[in-house]
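Student: Could we go through this one together? I'd like to know what backs up the labels.

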Amino acid sequence: MNELVLPLVEVVSNSGIYAPFYFIVLHFIRQFFFVPVSVVCIAGGVMFGALYGTIYSVIGITVVSTVFYLVVKRVPSLFKKITRMKEKWMRKRMPMSVGQIAILRLVPFVHFHFISLCLIEVSKDFQDYLRSSIISNLPLALMYSFFGTAIRGFEPVLIVLILSGLAILFYLLRRREWIMKWDEFFQPAR
């Protein structure tokens, strides 16, 4: 993956005044090369510093989330297929809150668009999705931009402690209510 990411980062960093624009485009094309969001956010923190790296990463990630929303809503068969895959993985569980989704975004091995699908399910409309998307993208961009260089040097014990802390936060920030339809509750035994 470094063979792919490093040349792209080099192009962006040598772009001068157009570097922020190319960096936002890098966020968009990274999904086609299966580059994790965290890697691009770390690169943004290194290239632009913590503050501007965070700002550009939030913009880039939000653009990607918006395009995902528009594509999924315009192609209903794709939305149904992705939703069925999600239901197989998660079964019938309580929908997550925006806070839980923001924490899931911090976990590097959870797929970005899977989390975007969870946001679509808890959002009322596009504006609510966009607001929730920005809220859930901000911690991701902040963490990886500010602590990007330090993350590579973490000890395995520290990584386990951080993931345990995220699991506890995930539980504490859950939704307290769950609306279930009559037919879902009284499903016939299989």
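**Checking the labels**

Tutor: The nonpolar patch draws its largest share, 7 residues, from helix α3 (residues 37–74), where helices are DSSP runs of H or I, at least four residues, numbered from the N terminus. This is a predicted model, with local features needing pLDDT of at least 70, side-chain atom pairs 80 or more, and totals for chains, interfaces and linings using all residues. Numbering starts from 1 along each chain as its sequence is written, and side-chain values use heavy atoms, without hydrogens and water.

Student: Which residues form the nonpolar patch on the surface?

Tutor: Leu51, Tyr52, Ile55, Ile59, Val63, Val67, Val71, Val75 and Leu78, with about 690 Å² of accessible area together (Shrake-Rupley method, 1.4 Å probe; for residues, only the protein chains shown count as cover). Patch residues have over 30% relative accessible area and no salt bridge; nonpolar side chains (Val, Leu, Ile, Met, Phe, Trp, Tyr) are joined within 5 Å, like charges within 9 Å. Ile59 is found in helix α3.

Student: What makes Arg131 and Asp128 a salt bridge?

Tutor: The cut-off is a Lys or Arg side-chain nitrogen within 4 Å of a carboxyl oxygen of Asp or Glu. Theirs is 2.7 Å, N to O, so the pair qualifies. They're about one helical turn apart because they sit 3 residues apart in helix α7. The whole structure has 1 salt bridge.

Conventions: Helices (H or I, at least four residues) and strands (E, at least two) are DSSP runs, numbered from the N terminus.
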